[in-house]
There are 4 protein chains.
Amino acid sequence: VPQQPRTGAWLVGARGSVATTTILGAAALRAGLAGPSGLVTELPDFAPAGLVPVDDLVFGGHDPSPSSLLKRAENLVAGGVVPAQLVASLHDELVTVDREVRPGIAAGPAGRPDRAVIDELAGDIGEFRDRHRLDRVVVVNVASTEAPVQERAEHRSWAELSRALDAGSRDLLPASSLYAVAAIEAGCAYADFTPSPGGRLPAVQQLAYERGLPYAGSDAKTGETLVKSVLAPMFAMRALRVRSWAGLNLLGGGDGATLADAEVAQSKLTSKSQALTAVLGGGVTAPMHIDYVPNLGDWKTAWDHISFEGFLGVPMTLQFTWQGCDSALAAPLVLDLVRLLARAHEIGKFGALEELSFFFKDPVGTDEHRLSAQWEALRRLAADFSEPAPVSEAG
Amino acid sequence: VPQQPRTGAWLVGARGSVATTTILGAAALRAGLAGPSGLVTELPDFAPAGLVPVDDLVFGGHDPSPSSLLKRAENLVAGGVVPAQLVASLHDELVTVDREVRPGIAAGPAGRPDRAVIDELAGDIGEFRDRHRLDRVVVVNVASTEAPVQERAEHRSWAELSRALDAGSRDLLPASSLYAVAAIEAGCAYADFTPSPGGRLPAVQQLAYERGLPYAGSDAKTGETLVKSVLAPMFAMRALRVRSWAGLNLLGGGDGATLADAEVAQSKLTSKSQALTAVLGGGVTAPMHIDYVPNLGDWKTAWDHISFEGFLGVPMTLQFTWQGCDSALAAPLVLDLVRLLARAHEIGKFGALEELSFFFKDPVGTDEHRLSAQWEALRRLAADFSEPAPVSEAG
Amino acid sequence: VPQQPRTGAWLVGARGSVATTTILGAAALRAGLAGPSGLVTELPDFAPAGLVPVDDLVFGGHDPSPSSLLKRAENLVAGGVVPAQLVASLHDELVTVDREVRPGIAAGPAGRPDRAVIDELAGDIGEFRDRHRLDRVVVVNVASTEAPVQERAEHRSWAELSRALDAGSRDLLPASSLYAVAAIEAGCAYADFTPSPGGRLPAVQQLAYERGLPYAGSDAKTGETLVKSVLAPMFAMRALRVRSWAGLNLLGGGDGATLADAEVAQSKLTSKSQALTAVLGGGVTAPMHIDYVPNLGDWKTAWDHISFEGFLGVPMTLQFTWQGCDSALAAPLVLDLVRLLARAHEIGKFGALEELSFFFKDPVGTDEHRLSAQWEALRRLAADFSEPAPVSEAG
Amino acid sequence: VPQQPRTGAWLVGARGSVATTTILGAAALRAGLAGPSGLVTELPDFAPAGLVPVDDLVFGGHDPSPSSLLKRAENLVAGGVVPAQLVASLHDELVTVDREVRPGIAAGPAGRPDRAVIDELAGDIGEFRDRHRLDRVVVVNVASTEAPVQERAEHRSWAELSRALDAGSRDLLPASSLYAVAAIEAGCAYADFTPSPGGRLPAVQQLAYERGLPYAGSDAKTGETLVKSVLAPMFAMRALRVRSWAGLNLLGGGDGATLADAEVAQSKLTSKSQALTAVLGGGVTAPMHIDYVPNLGDWKTAWDHISFEGFLGVPMTLQFTWQGCDSALAAPLVLDLVRLLARAHEIGKFGALEELSFFFKDPVGTDEHRLSAQWEALRRLAADFSEPAPVSEAG
């Protein structure tokens, strides 16, 4: 019997709500305390794809917060995201994973050269891999969203960026991109779960390509945009002309606090607006707002109002209200991405993994925003995984 | 230059809201007074399919109502469905088509043998074809929904049904099925736009098959169910477990008055509930109601409340409110069906045209209820139409 | 210092969700673990009214369920109605009150004369009062809703009813009315929290009047109807003509299961529809539905769609969605009613306490359904309580 | 028989949507072509108040637009606000009133001293009164909302302002206040229908007081705020703690275009937020947005999401969607204000007419924002009007 490869999941932002729910959820599945709700890769289509079982994943990560996974889990209990019983039962597992968390870096100037930071971060990941004798590690950035980055010449090619790093440059890259470079230099597949620049800079993408590593991103599609990605194609298929699509997003929690910063929110709003334009074309009045409402906690509420025209120009409307728990929607997707990227890495796929567009608001490598088409691409990837062809480039 | 074949559209219920909007809309398109909003077959995918131009369609139909198309059009103006200016400009066209409407039969016992009724109805259609030198006619039943039919042995095979008809039986078939048999015996492609039994009886389907005619149905998907057919697959693709899906439909107008009858509403509710079960499986609590609210007129309002479970069983909800004008949603689909069935007939496709499932709540010939999959089937049909293969059976 | 009178609260249905939340909440307030959210009688207007402090209330009740308050409290924790921590902290208080619960009677035939049942129930209440040396006890029926009662001649006067009871009649009264008679014969003020017949039968009302006891009811106004009672007057004050008011109520929990019975639901629907007619007059199309959706548990969701006419007949709409936790809405009102009825009893007010219409969907003694007018009546009652006039009849 | 006093209604912004609907509606009522829907002063409570019949009102106004009432009325027909038939029938009446419209002034610098502008505006009103031999004229400003005004020392007292005007100052007052001063100097009762500064400047209020004229304002309460003014008190009366109240307003039309200017929108947002704070106190997270969605035209859609806490801190929500036609909601209120101010003027009431708070988002002279309390104040005013006391000050 061939031995199952050992796979690690390294989460940047490892003590945040999404990471904690991910780690807790994986432990709950292993313990038989939870079912696979929300886990796409547990659907029958993925059974023959050779994915690593969730039970076998080993977790670690970076987080500058001095708090603990346990403390965050208790907050999630208080907010109604996870049952108290679950945290009590899995106390030991949380403590064990917490020992695998390294401080990493916070947002803002690091006070030392970027190259030094990258080497330290990559070192943390490498030690984690060695310590647990892992065949491979997938790095997923689930840390708070950053503001859009100011474009610089060095961001455009790895050759230039590399030179500047070696020359001792500081503050050349945003934190998310430092993590991405570190992950890739450590030989890991990588995913951007947020709209932060991360692996989206051309220089970083080139690096991944050169190292033969797959990457995916960005900005996971968990709520309002998920719904948009099926409703917008519906209007298009029916030739119903959408005139306006207005949206208001209310959220509390850490994500809400971060997005209360108008500059940061811009990253998110830009990412959220892509699906509409891609599917419906221009000419749609589409105001969108994100408001921080602390008492809602992790419960995100979105209202969308769509006005459209039917035959003979008759005006009609569709409204929807989405009330979802952000961490519970995000966490299983983190597990899905780890499993899919690990398998891609294993069979030698590399570059932008556009077949993972299904998971993202702003998918790398493709302009396809229709959920059903993204689903078919994902299923084709699963089929490829079942009978992997010889090594080929991913995107 | 090969001459364009001449095509007729024969509407059962020709003076109802849907038929009137269809006829008025086709005239408006011809006159350049309206755009193609809502017309699926005007999307670029259908350009090479060889469909008859909407401008060339010749309309006629059956309706026992002593009123007129013009009168109904004025009602539609009062209800805000169509602009007053349009009816004023197209007055002559409405009067012209009205002359092509024959009384047909009302619901309830006919007072004479079914065979005599069928022959008369088929005669009306045949005369219409001859009078206008049409190459073919497509019959679409847009009359009010009937109550579910009591199954009888004669409904099961055309051999038996035919025998009983020849023997002078009365009240063997509901009105919708008398129309369907007449259409087929007149050599026409046929579509059920409502959930009435119509062409769904096995005996009638056999007849269409034997005569080499294509048919489609049933119950056009115009509003709430259309939305369901994209949202339900979204939950399925994301492995989000739907626990309940409750719906309340409010509508006035003729359709509302008909559905105020609990027995008739049953036809509709049965048809509406299919998509959910097909896509999500069992175990979903799914109460649904239809209420007659006269003052809403043709404006149908539906509220759906969906509760689902995310990761770790966290309960979440999605609600939507659809406010659509029923006739304006239905009319372009009637034109789409006429064009597609005419082309299928022309190239010799026959039997249940399951590729038209995109248009129906309860599609004949298939259990596919996911809109995107239905769309792909429809596009494949359009491609077939572009380069028709030798004559083959449709479904 | 004059000693504070000692007051008991006897709950019929003492182990149900509403009663458990009431008892737990009172204990939480006493322990300083919860604030007065939802408690009307803790608003400043009621400070001088001489009401018994919530902290001083002594609880007991009837419930045929063999389960326990603690078990029910744990269910409420699982359903997200009350925090786990609260139940853990107040474990002892729940156990103590549970000892004060007597089996009482279940719905359905009792198998013995009504008079015997009443005497036993009244005996339970009397013993509770004696055991705790209470000055007075208020009985509130929070048990499951019963179906509407078949009217009988004996229900019309206490003289007749009394005669029939003494003659050994069986099954003359529904369970709720047996409880009401027992409460009154035990000398207690009484309130119907549900639409069950309870104290609404004329014979029972006469008995309360003769015994000089105040009573109130019926069917507490906790959610959708509360909102209606401010929106309907808004339309009326603005001369906006309401054309239709449709409603769909989704609820799980014990209440939902009970109301899944169409006959029982009728009690509720009748009660719920009163406010509209009273405030807006006739002519409003007002379909209403209650559906049992088990997975919603105690969380009641209601959607209301109101269509109305503005100036020149322009049609407009207002929709609202209410998502409330039934027990958490009901429990503080139980405490409010106990405090207000105890004070009324203390100062000698008797008969129908119409000033409590603020709390009810179907208020005894008045046709006033506008919340603001009811509020003013309640404030006047509080003022009366501050400086009680000589004994007078209540309603 | 005593002769009915003759009353004029002078509308600033006389060719806008609100004014046109007002003028058309009054003509429709006179012609028996429309009912009194939306007219508060036609409710039975106002029958004995001695108000001038709507039929007797004589209309005129200021508007710099070179367009016509008829043209605007046709736009309203196209937007579904008023029936085409109505405009056709009342063509002559619109043309007649249009002759009574004077250009007035546009927003922005006038290019001449404010005093000259005021005198010209007052002259227009005076000539209108003389021409029609009116006993009195009520001026209502229904022109587009202005940005908040920069406060100046001269705005604080009429003595100072008057001096500066006489000294030839320019651009001292915003257009709305020039109109207000002109109205008062012309001896007219005055109302601010928008949040523009208008009559709210202390200097202008003093002038009205000195001249013994009644005035009212500001910012008519037509939609979302109307609903708020009954829902917020509901939460307060029930001791339910509101945690957040978020709102999104979508509107097209002229009002929408004006409010697309962020500075102008600020006037509106400030005015809209008052009711919440006044009724619920501080501590409510209350983000609010206004978006310009051109295709919605005069149809304003607002979504409000309210999160509140029940007993034991349980979080609950109420959402509502308001879909109203702004002009049709506003127009009858203009007629109500004219009738009530004319009567107040007639019986000698003067100063801020706080009893008209019922009509306004930001009422002058009072902090009362609860609709029911405002309604009671209005009814008391109507009672005063029935039996007017000797001359007294209004507020």
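Here are some questions and answers about cavities, a chain contact and a few local features of this predicted model.

Residues are numbered from 1 along each chain as its sequence is written, with chains lettered from A in the order in which they are written. In this predicted model local features need pLDDT of at least 70, side-chain atom pairs count only at pLDDT 80 or more, totals for chains, interfaces and linings use all residues, and side-chain values use heavy atoms, without hydrogens and water.

Q: How many cavities of 30 Å³ or more are there?
A: A cavity is a set of points on a 1 Å grid over the protein atoms alone where a 1.4 Å probe fits but cannot get out. Points are joined across faces, edges and corners, and the volume is the space filled by probe spheres set on them. By this rule, the cavities of 30 Å³ or more number 14.

Q: Which strands each supply at least two residues of the lining of the largest cavity?
A: The largest cavity holds about 130 Å³, and 16 residues line it, lining residues being those with an atom within 4 Å of a point. Among the residues nearest its centre are A:Thr321, B:Thr321 and C:Thr321. Strands here are DSSP runs of E with at least two residues, and helices are runs of H or I with at least four, numbered from the N terminus. The strands asked for are S10 (315-325) of chain A, of chain B, of chain C and of chain D.

Q: Which helix gives the most to the lining of the second largest cavity?
A: This cavity has a volume of about 60 Å³. Its lining includes A:Ala328, A:Leu329, A:Pro332 and A:Leu333, along with B:Arg238 and B:Leu240 from chain B. With four residues, the top contributor is helix H13 (residues 326-347) of chain A.

Q: What is the area buried between chain B and chain A?
A: Contact means heavy atoms within 4.5 Å, and it takes 56 residues from each of chain B and chain A. Buried area is the accessible area (1.4 Å probe) that two parts lose on being put together, summed over both. Carbon and sulfur atoms give 68% of the area, which is about 4,600 Å².

Q: How many residue pairs are in polar contact between chain B and chain A?
A: A polar contact is a pair of N or O atoms within 3.5 Å; within protein, one must be able to donate a hydrogen and the other to accept it, and residues adjacent in sequence count only if both atoms are side-chain atoms. With both residues at pLDDT 80 or more, the count of pairs is twelve.

Q: Which residue forms a salt bridge with C:Arg200?
A: A salt bridge is a side-chain nitrogen of Lys or Arg within 4 Å of a carboxyl oxygen of Asp or Glu. For this pair, the closest N and O atoms are 3.4 Å apart, and the partner is C:Asp362. C:Arg200 lies in the loop between strand S5 (189-192) and helix H8 (202-210) of chain C and its partner in the loop between strand S11 (351-352) and helix H14 (371-386), so the bridge ties together parts 162 residues apart in sequence. The residue asked for is C:Asp362.

Q: Which residue does a cis peptide bond join to B:Gly217?
A: The bond has an omega of about -15°.

Terms used. On a 1 Å grid over the protein atoms alone, a cavity is a set of points where a 1.4 Å probe fits but cannot get out, and a pocket is an open set with protein on both sides within 12 Å along at least five of seven lines; lining residues have an atom within 4 Å of a point.
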